[in-house]
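Subject: The structure, and what turned up in it

Hi,

Here is the structure for you to open alongside this note. Have a look at it first, and then read on for what was found.

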Amino acid sequence: MDNSKKAGFATRAVHAGHHPDPQTGAHVMPIYATSTFSYGSAERGARLFAGEEKGYFYSRLANPTVRAFEQKLANLEGTDEAVAFASGMGAASAIALTFLKSGDEVAFIGPLYGGTEGLLHEVMSQFGVTTRSAGKLAELRGVVGEKTKLVWLETPTNPTLQVVDLQAACEIAHGVGALVVVDNTFSTPYLTRPAEFGVDLVMHSATKYLSGHGDVIAGVVAGSAEQMGVLRLHGLRHGGAALGPFEAHLLIRGMKTLALRMDAHCRNARAVAEALREHPAVRAVHYPGFADHQGHEVAAGQMLDFGGLVSVDLGTQEAAFRFLNALKLFTQAVSLGDVESLSCHPASTTHQLLGAEVLERQGVTAGLVRLSVGIEDEQDLIADVQQALQAAQG
Ligand SMILES: *Cc1c(COP(=O)(O)O)cnc(C)c1O
């Protein structure tokens with residue numbers, strides 16, 4: 001847990017979780033493309049299944065390449081252990097299946113990622129789990145109680161980039177005996193390590209910044225050895241959404257440059273946010289790095305930098321669409337965290353199902369555009385945004 005005694009973050013991002021293969025000297029972690037592993041003897045098979053001996057025996061439970069990814073992520077998050085899943089939602093559903101049962105309540109500070117809200121409201125409700133939502137930290141105490149088993153948080157939130165004070169939220173949740181899960185996809189362990197603030201379960205859509213290259217769908221959860229043991233048994237072994245070794249290889253490769261990429265994302269996002277704010281066609285810019293942003297102080301205390309996402313409100317859907325259609329470097333697509341810049345209109349795409357009233361309340365206005373700022377040259381991104389703003393004015 002104590003990262004101060006270890007090597008620096010960039011060093012661990014490169015080295016943690018793997019070392020040259022003792023048999024061949026292979027410098028990079030090999031891709032163990034195998035579903036099953038020979039026991040060698042019937043006696044050893046029995047010991048492996050009884051848990052009396054540690055070892056690989058079936059890749060749904062553990063695979064050496066996937067294990068290297070898990071250990072790298074656990075090291076970077078500063079937790080004992082991590083368990084990989086086939087997607088971010090695979091990780092989220094494994095958490096829900098493992099740590100919630102009929103009669104329990106789950107509380108969150110919304111809006112959460114749409115898939116997570118769907119999982120809690122539409123799926124877990126079928127199993128007698130009640131979901132209670134708070135709009136901000138101040139409302140959290142009012143929606144937790146003795147039945148609350150999980151408090152689900154995201155920071156910064158999608159797409160309005162609200163910042164949640166993790167330490168304060170943990171105090172409230174732990175006060176009623178609930179576990180805290182933080183979806184750390186937007187921050188990555190380079191910017192925020194939720195476990196340092198008392199968070200129990202840290203999950204990621206590894207599809208985003210951890211991969212960084214837009215070429216894999218994956219998820220992961222980090223936490224204590226005890227909780228990850230239960231999650232591996234119930235969520236992974238019985239839940240079944242296992243990550244494959246090829247995807248794990250891509251994740252290991254992507255994560256080696258996490259520190260470098262995040263620095264570039266953060267630098268470019270600030271430059272883009274500043275360029276947007278100066279323009280008369282812009283109604284509002286959501287970026288936690290601005291001193292007048294609602295969560296700036298909390299963000300400054302729990303993030304190393306302010307992340308690679310910027311949301312801009314252009315007033316109307318027509319202006320937002322003109323802006324999006326004029327952008328050349330920002331590909332119009334969902335997802336985020338790729339080296340390529342991406343853009344989307346949440347109200348008509350990712351958040352469409354929420355309905356107009358909820359969207360307006362959560363600040364997901366018709367004019368809002370979310371930008372995932374990539375690692376291209378700053379001046380090219382700014383020039384692209386500026387010409388698109390001209391087009392937005394119609
Ligand atoms: C993308 C995303 C997810 C879902 O992850 P998948 O890998 O697409 O299943 C969950 N949470 C956040 C914050 C995300 O951005």
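Let me begin with a pair of helices: α11 (residues 258-277) and α15 (residues 378-392) have axes that come within 10 Å and cross at roughly 30 degrees. Please keep in mind that this is a predicted model. An angle under 35 degrees counts as roughly parallel, and α11 and α15 are therefore roughly parallel to each other. Their crossing is right-handed. If you want to display the contact, pick N268, A271, V272, A275 and L276 on α11, and E378, L381, I382, V385, Q386 and L389 on α15. Sorted by class, the contact of α11 with α15 holds eight nonpolar, two polar and one charged residues.

Next comes helix α4, which has two partners to show you. The axes of α4 (residues 88-99) and α5 (residues 114-123) come within 10 Å, with a crossing angle of roughly 30 degrees. α4 and α5 are therefore roughly parallel to each other, and α4 passes α5 in a right-handed crossing. From α4, the residues making the contact are M89, A92, S93 and A96, and from α5 they are G115, T116 and L119. That contact of α4 with α5 has four nonpolar, three polar and no charged residues.

The other partner is α9. How far apart are the axes of α4 and α9, and at what angle do the helices pack? The axes are 9 Å apart and the angle is about 100 degrees. Values from 65 to 115 degrees count as roughly perpendicular, which makes α4 roughly perpendicular to α9. Here α4 contributes A94, I95, T98 and F99, while α9 contributes Q227, V230, L231, H234 and G235. The contact of α4 with α9 divides into five nonpolar, four polar and no charged residues.

Helix α9 also leads us to the largest pocket. About 630 Å³ of space lies in this pocket. Its lining is made up of 20 residues, and those nearest the centre are K54, G55, F57, A62 and R232. Which elements give two or more residues to the lining? They are α2 (42-50), β1 (81-85) and α9 (225-238). Of the elements, α9 gives the most, with six residues. By class, the lining has eleven nonpolar, three polar and six charged residues.

A cis peptide bond joins T155 and P156, with omega about -15 degrees. The peptide bond from N158 to P159 is cis too, and its omega is near 0 degrees. Where do these prolines sit? P156 is in the loop between β4 (148-154) and α7 (166-175), and P159 is also found in the loop between β4 and α7. Then there is T188, a residue other than glycine with a positive phi, near 65 degrees. You will find T188 in helix α8 (residues 188-191).

If you have a few minutes at the screen, the lining of the largest pocket is one place to start, with K54, G55, F57, A62 and R232 nearest its centre. From there you can follow α9, which gives six residues to that lining, over to its contact with α4.

Best wishes

Notes. Residues are numbered from 1 along each chain as its sequence is written. This is a predicted model: local features need pLDDT of at least 70, side-chain atom pairs count only at pLDDT 80 or more; totals for chains, interfaces and linings use all residues. Side-chain values use heavy atoms; hydrogens and water are left out. Axes are lines fitted to C-alpha atoms, for helices over the stretch in contact, and angles run from 0 to 180 degrees between N-to-C directions. Helices (H or I, at least four residues) and strands (E, at least two) are DSSP runs, numbered from the N terminus. Angles under 35 degrees count as roughly parallel, over 145 as roughly antiparallel, 65 to 115 as roughly perpendicular and the rest as oblique. A crossing is left-handed if the near helix is turned anticlockwise from the far one by less than a right angle, and right-handed if clockwise. Contact means heavy atoms within 4.5 Å. Ala, Val, Leu, Ile, Met, Phe, Trp, Tyr, Cys and Pro count as nonpolar, Asp, Glu, Lys and Arg as charged, and the others, Gly among them, as polar. On a 1 Å grid over the protein atoms alone, a cavity is a set of points where a 1.4 Å probe fits but cannot get out, and a pocket is an open set with protein on both sides within 12 Å along at least five of seven lines; lining residues have an atom within 4 Å of a point. Grid points are joined across faces, edges and corners, and a volume is the space filled by probe spheres set on the points.
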